[in-house]
Structure formats: structure tokens, C-alpha cells
Amino acid sequence: MAVSDALRSPAVVSTQEPAPSKPPNKFKQAFPQYVAVSPFFVLFAVFGAFPVFFSIWLSFHSWDGIGQMTWVGLEQYSYLLTDPTFWKSITNTLIIWVLSTVPMLLLALVIANSLHNATRFRSFYRIAYFIPNITSVVAVTMVFGSVFSNNFGLLNAFLTSIGLDKIEWLSQPWGIKIAIATIVAWRWTGYNAIIFLAGLQAISSDIYEAAKVDGASSRQQFWQITVPLLRPVILFTAVTSTIGGLQIFTESQVLFGASGSIGGPGDGGLTIVSYLYDNAFGSNQFGYGAAIGWALFILIVLFSIINWRLIGGRDDERITKRVARRAQRKIAAERAGTEYTDAH
Amino acid sequence: MRTEKVREVTSHVVLMFGVLVSLFPFYWMLVMASNTTPDIFAYPPKLLVGSHLLENMRNVLDNIDFFGAMLLTLFASLGVTVLVLFFDSLAAFAFAKYEFPGRNLLFGILLVTFMIPSQLALVPQFVTLAEFGWIGSLKALIIPGAANAFGIFWMRQYAKGAIPDELISAAKVDGAGFFRQYLTVGLPVLRPGLAFLGIFTFINVWNDYLWPLIVMTDPNRLTLQVALQQLNGVYGTDYSMVMAGALMSVIPLIGVFIIGGRHFIADIAAGAMKF
């Protein structure tokens, strides 16, 4: 790294003349810059790097936080792999993630498209759509908890009023997952819509003009131009919601934490982080908690790699041109009434 | 021309429906907070705002130290925000505008730290803070979050485009050292970026739940979110009071957001496009 720095063009700002006899010490000269960047690295060393390494050490031990640490080697991990509750927490987390992410991204796309078309009240809409995101999860979960409440909830009152049966939302595994997924989707749909909107506004209007000249309907334009060109932005939101989705905790803790079982009836709402929290801070099994943390880390890395693969070979310019060409061809073909065949 | 109009109207219909869904929980919170608990649980439920709001709010104040919790949360949020703004912008200024040995390596390390989920270090962080004797203190809420990789990364992108090299050269000719240059050239130019990072950080700390839940062990010194959940747990049946508490906890933040939110939203979107 240092070598490549030296090979690069001279420093952005260098008015100091090099001393004629011996060259100035580059490290000494850069002292103020090191001071400037050091707070982050010092804090990271103490509250980030050290804890991360310590948690590896910890995961090989059995420890209740007070007494002696006992070396148990890989025992925590081998137990983890056979622990049905742990696997349940993973399945729950993934189900909640899918249940929230898929509708959320689709709705966000629809809203973004409407925001793009609507010229008036735009800043009002943006603020209204963003407010859920800046509201605390605790308060929001309380409101949704009452809406989904088994006996007196608004949702069940509505179902009864139209002659349907009540659903025990908060005591069935699926009901619980739907409730949590709804809270997540409600909080993040507007956020994603606004990011999609930024992506939409970056698409050149020439492509739409060309499509219009070719007689493309708005539906055709949406699916054949907008969606493919938004691909990079959609993938960004997919990555962020994957990482966020794997770390869901507050919703199930607020819904069920006070009832004594953190995952709710049948552990239907037990997520990976709530299982970690429960082990480490509920039953003082710090070693096991650390091992769950590493499992979570591996999952996040795994999903990030999958996401990178999906983005892989991304080249905005090329994709734009290809998509534009393909859309034009397809629209022209459809208009001519001929069957469209991909010419590859 | 006509299709344009149809499209505009359809868009507004879709958007207004979305706004209703987006804002309905707040209305419902207000309905519950302003009625008595038996009224909420009656069938059919009351759908309109009632007249018991003040009474329910007083109940909250009687049951938890609401203002104490709010003050603590405010101190923590302001403390983290001020430190983050200073440390992050200073580091970003150095990363964006100066060549120094190891700069790219250090920045690379910073980017890698993004990948580490915060929960991974949760247990040992708690142990470390316990060693320091910080558990239950404001320090535990402020110091670990006083500088962050996201803020430095984001401010660096901002500083690269916003600060002209000529300004720095000029300051240097005038004899200003690095920190003077940061104060006189960097800070004024970075102000809009700092506003975004400030609101972003403040909101995150204000709303954080997991970390204060772990480190604030004294039941008399809780942050707003944890106190709120406490209220929910102990008095789970008194919905009206719980909702009054929830309402009181979200109003200040939403107020701040509505005042300063427009630029903030634009910056969030711009940030996402840069990644």
C-alpha cells in the first residue's frame, strides 16, 4: 500500500519544500493526519477488534460471566449444530425475512414509480413515507401488537365485523411471523421507495422517449425498461435488507419479552439475535452466546457473497445499452404481432 | 396529454393510499392513548380520538421516570452526535484531502469493519465495559459509538467533491497547519454533510434498543426505549397508558424530523446511489 502511494501523483497538498540535505520523514510529516484518523481506530480496537477476537476465545469456553472460564474446545459449536432451538431461530429469521422483504420491495417499486409520475406534493409524500422509518421500533411494535392482539385487536374486530372468524395472530407460529414481518415491511417500504425513486430519476428520459415512439404501453415501459435498469439499486436494497433481516430482534423482544419467553408461544418469533440475547444475557451462557454470534456472522458473510455474485459483472453502462436495445426490439416485435424470440 | 393526466391522477390515488397506511398507526396510537382501556377493548372498538389523553399521560409520569429517561436519552444522543460529527469529519477530511503513508491500508481496514455485525461483539463488549466499571453509566452509551466507519466513509465521499484543493493550498500558504485547515476550510464547507450525519446519528441513538437494554442495568436509569418497554411489560393490560407513553416518546423526534427532514431524505437517497 505504501509503495503504491509513493508511485502515485504527488501529494494533493504539498507546499513544503523537501530539505536539501536529507528527505523529510514522511511519517513524521503526516503526524496530524494520523491524529485525525486515530479516534476511530482506537475506539474500534477497544470496542470492535478486541471484542471480536475475545468472542472467538469465549466461544471455546463455558462461562457464566462471573466464575472461572472453562475450556470446552469446540463443544459449543458441536452443540450448536444439533440444537433444534438454534435451527428454529434460523428458520424463523429466514421466513420473517422473506415474508417482509418480498412485499416490501414490490410495494416500494410501485410507490417509487408513482412518486416519479406525480409532480405535485412530492416533498409531502417523501416525508410521510419516511416517518415510519425514523420512528422507534419499540413504539411501533406496541401499536402493531395491539392491532394484531388476539381478543381485542383491531384486525380481529375487522374480521369479525365482516363475518369471518378471529385469528389468534400472536399465539400461532405463522401469525407471529406475519405480525413481525408486517412491522418490518411497514417501517422500511418508504425508505426503499425513496431509494428506488433516486434510481428512477437517474434513468435517462431518452430511453422512455424512444420506447414511446415505438408505441410501448406504460406497463411495457415499466417491466422492460424501469425494472431492468433499476437492477443495481434493487440489489443495493436487497443487500441492506438481507443484513437487516438477519439481525431482527427488537420486534419479537417487545412483543413477547415481557411474557418470559422471548420467542413467544411455540418460539414462533424466536430470531437468531433474540436467541443470542436470551442465552448470553438471559441465562448467562456467555460462551454459547458468542458461538451463536459467530454463526450469525457466517450467515451474513454467506448471504453477502450470494448478493455479490448476483451483482457480479455489473457494468451499468453496458447493461443500460443492452436493456435499451432489447426493450426496443421486444416492443417492436410485439407491435408487429410476431412472437418475440431472444436472439442469443 | 390525456394519458399524462390519467397517469398523474392514478399516481396520486396510489400515493394517498400509501400515506394512509404509513400514517395510520400514529392515528391509532393517538386513539388508544386518548381513550380509556375498557373503551379500547370494547366491541366494536372506538375509532375516534377520545378525551382521556392528559389523564393517560399523567399515568405514564406516575409510573416511570419519563422525563428522566428522556433527559438521559437526549444526553446520550447529543453526546454521540457531537463526538461523531467531530471525529468522523476530521478523519474524513484527512482521508479525502491528504496523502499519507498507509492511507489506503487504513481506509481499507475501515471498510472491512462495515462487515462485522454489531451483535458479534455484544458479549465481550459487555464484559469489557464491566471491566472498565462503565455499566449503567452514560459513558457506556456514548463512548463506544463516538466514531463510526459509516460516517467517515460517507463524509469522505462528501468531502472529496465539496472541498476544492485550491482552498486548502491557500490556507497552507497563509501558514495554517492541518487542524487550522480543518477548522477554517473543512468545517464550513462540510456543513450540509454534517447536518445529514448529525440527524442520522441522533435518530439512531435515540431509537436504539438492544445496546441500552444490555448496558443500562439500573432500573432507575433507563433510556426512553427501554423505559417504554418496561411500561409495556409491567402494565401490559393498561393499553391506554402504554400508548400514551409511546406517543410521548415519538413526538419529539418526529417534530425534529419534519423540520429538518427534507434534505435528510435527499441525502439518504444520494448515499444509497453512491454505494
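Which side chains meet in a salt bridge at 3.9 Å, N to O?

1. The side chains are those of A:Glu209 and A:Lys212, where a salt bridge is defined as a side-chain nitrogen of Lys or Arg within 4 Å of a carboxyl oxygen of Asp or Glu. Being 3 residues apart in helix α10 (residues 205–213) of chain A, A:Glu209 and A:Lys212 are separated by about one helical turn. A:Glu209 is partly exposed at 44% relative accessible area, and A:Lys212 is partly exposed at 37%; here buried means under 20% relative accessible area, exposed over 50%, and partly exposed in between, with a 1.4 Å probe and protein chains only.

2. On the basis of these notes: this is a predicted model, in which local features need pLDDT of at least 70 and side-chain atom pairs count only at pLDDT 80 or more, whereas totals for chains, interfaces and linings use all residues. Residues are numbered from 1 along each chain as its sequence is written, chains are lettered from A and ligands numbered from 1 in the order in which they are written, and side-chain values use heavy atoms, with hydrogens and water left out.

3. The whole structure holds 4 salt bridges over all chains, one of which joins the side chains of B:Asp165 and B:Lys97 at 3.1 Å, N to O. B:Asp165 lies in helix α9 (residues 165–173) of chain B and B:Lys97 in helix α4 (residues 66–97) of chain B, so this pair ties together parts that are 68 residues apart in sequence. B:Asp165 is partly exposed, with a relative accessible area of 30%, whereas B:Lys97 is buried, with a relative accessible area of 5%.

4. Another salt bridge links B:Glu99 with B:Arg103, whose closest N and O atoms are 3.7 Å apart, and both B:Glu99 and B:Arg103 are buried.

5. Which residues touch the most other members of the largest nonpolar core? They are A:Phe130, B:Met29 and B:Phe95, in a core of 187 residues; such a core is a set of buried Ala, Val, Leu, Ile, Met, Phe, Trp, Tyr and Cys residues joined through side-chain atoms within 4.5 Å. Helix α13 (residues 239–274) of chain B gives the most to this core, with 17 residues. Leaving aside neighbours within four places in sequence, A:Phe130 is in contact (heavy atoms within 4.5 Å) with A:Tyr191 and A:Ile194, and also with B:Phe257, B:Phe264, B:Ile265 and B:Ile268.

6. A:Thr250, in helix α13 (residues 250–256) of chain A, is buried at 13% relative accessibility. Not counting residues up to four places away in sequence, A:Thr250 touches A:Val137, A:Val138 and B:Tyr209.

7. For chain A overall, the secondary structure comes to 16 helices and 2 strands, these being DSSP runs numbered from the N terminus (helices H or I, at least four residues; strands E, at least two). Of its 344 residues, 49% count as buried. Among the contacts in chain A between residues at least 6 apart in sequence, 66% join residues at least 24 apart.

8. The 12 residues of α11 (residues 218–229) should span 16 Å, and the end C-alpha atoms are 15 Å apart, which agrees. Helix α12 (residues 231–246) has 16 residues and reaches 22 Å from its first C-alpha to its last, close to the 22 Å expected. The buried residues of α11(A) include A:Phe222, A:Ile225 and A:Leu229, but also A:Gln220, A:Gln221 and A:Gln224; those of α12(A) include A:Pro232, A:Phe236, A:Ser241 and A:Gly245.

9. A:Phe121 has a phi near 55°, a positive value in a residue other than glycine, and is placed in the loop between α5 (84–117) and α6 (122–134) of chain A. A:Asn284 likewise has a positive phi of about 55° although it is not a glycine; A:Asn284 is found in the loop between α14 (272–282) and α15 (286–311) of chain A, and is partly exposed, with a relative accessible area of 35%.

Definitions and conventions
The expected span of a helix is 1.5 Å times one less than its number of residues.
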